[in-house]
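User: Could you take a close look at one strand for me, and then at the aromatic pairs? I'd like it as one connected story.

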Amino acid sequence: MEAHQAADYWVKEPSFSLGIEEEYMLVDRESGDLIQQAPPTILSECEELLEGQVTTEFLQSQIEIGTRVCKTVEDARVELARLRKAVSSVAERHGLAIIAASTHPNARFRTQQHTVNDRYVVLANNMQVVARRLVIGGMHVHVGIENDDLRIDIMNQSTYVLPHLLALSTSSPFWEGADTGLMSYRIAVWNELPRTGLPEKFDSFAEFSRHVDMLVRSGVIEDSSKIWWDIRPSRRFPTLEMRVADICTRLEDALCVASLYRCWLRLLWRLRLKNQRWRTYANMLLYENRWRAQRYGTEGKLIDFGRVRMIPYAELVDELLELTRQDAAHLGCVEEVAHAKTILRRGTSAQWQRATFNEAKASGASDAEAIKAVVDMLVIETMHGIE
């Protein structure tokens, strides 16, 4: 940590409000296959229940929900449970189910059909096969930081923890029926798009806006929503939006990752109250940890740049929990953050998927039968703990 002059806007604590967006995949309940075309009425039926909290995604096989602004993690828990239950109930009426996983184990991207609206038609035309490969879903976590310059400054520092959050959320080990050997193949697909990955560092919100305006005025993008970094200032809300995470299959895992991110941001704000800040590192170093999280998830090691050596992920989680202990207590999410230890013990969704496939194969199942077992597991676990 290095000393830094505090500014007035650091004195007032941001709201640190919480909002979560999740992207589900729609599968045929009998076959487990990812659908190609959405039933014509499924979105309108969801909208009737969810009052504008559900939208289409790029592919017809995807559906996205977003919580209301939540003051507490308990509010977010209630919201996510309600949203998952509502979308699942509508899907069930159409012979479908939802899965919260960042890839479908055996979907073929060439057979998928994108949603027909202006935004997605432009995306498909501009990105071509790169867009057609986007058979992926993620989780986006918004945390309220109302001051523009504060939001940028915290973004600059927060990139350090993004690989840690990715590792804890991994849910995409399979692609087109094959085990990729990665815990998050979603990241590999996402990386093919422009304006993804780690963000640039900016001295102020004005500097960030000038760079965005350069792309808008030159006709490259319509607005800042086409900047798809792992973390970004939201265009719609006064929030810092974390986008690096896979979608968590279990709701309690999603709340853990969201809470840890929220606590990390508050830690950075607290440091500045003491004229301190988290040391920032070059993206070339951070990308090494991002890759290791993508490849090994919680089973591997990440680089500790201060100690200049690789540390087992479990040890790094212990350090994160200790660093954010005060923030978790203040925000009322001690149990949710501590749940990271449970994830380490029983595995992420990526680990369950791989174990389910291998167990089915060991019992004599074919590859297709083993993949079906993975999908069946995901359908069940997506609704785990939701009444």
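Analyst: Let's start with strand β2 (residues 18-28), which is mostly covered: 10 of its 11 residues are buried. Buried here means under 20% relative accessible area, while exposed is over 50% and partly exposed is in between, using a 1.4 Å probe and protein chains only. Strands (E, at least two residues) and helices (H or I, at least four) are DSSP runs, numbered from the N terminus. Before going on, a word on the ground rules: this is a predicted model, where local features need pLDDT of at least 70 and side-chain atom pairs count only at pLDDT 80 or more, though totals for chains, interfaces and linings use all residues. Residues are numbered from 1 along each chain as its sequence is written, and side-chain values use heavy atoms, with hydrogens and water left out.

So who sits beside β2? Two strands pair if DSSP finds at least two bridges between them. With strand β6 (residues 139-144), β2 pairs in the antiparallel sense over 5 bridges, and there L18 stands opposite V143. Strand β4 (residues 62-66) also pairs with β2 over 5 bridges, again antiparallel; in this case Y24 faces I63. Then there is strand β5 (residues 96-99), joined to β2 by 4 bridges and running antiparallel to it, with D28 opposite L96. As background, side chains in a regular strand alternate between the two faces of the sheet.

Now for the rings. The structure holds 14 aromatic pairs. Rings of Phe, Tyr and Trp (its six-membered ring) pair if their centres lie within 6.5 Å; planes under 30 degrees apart count as stacked, over 60 as edge-to-face and the rest as tilted. One of the pairs is Y160 with W264, which is stacked at 6.3 Å centre to centre and 20 degrees between the planes. Y160 lies in the loop between α5 (148-158) and α6 (162-169), and W264 in helix α9 (residues 251-273), so the pair ties together parts that are 104 residues apart in sequence. Both Y160 and W264 are buried. They also belong to one aromatic cluster, together with W278, Y281 and F305.

Another pair is F205 with F208: the ring centres are 5.7 Å apart and the planes sit at 45 degrees, so this one is tilted. F205 and F208 both lie in helix α8 (residues 205-217), 3 residues apart, about one turn of the helix. F205 counts as partly exposed because its relative accessibility is 22%, whereas F208 is buried, with a relative accessible area of 6%.
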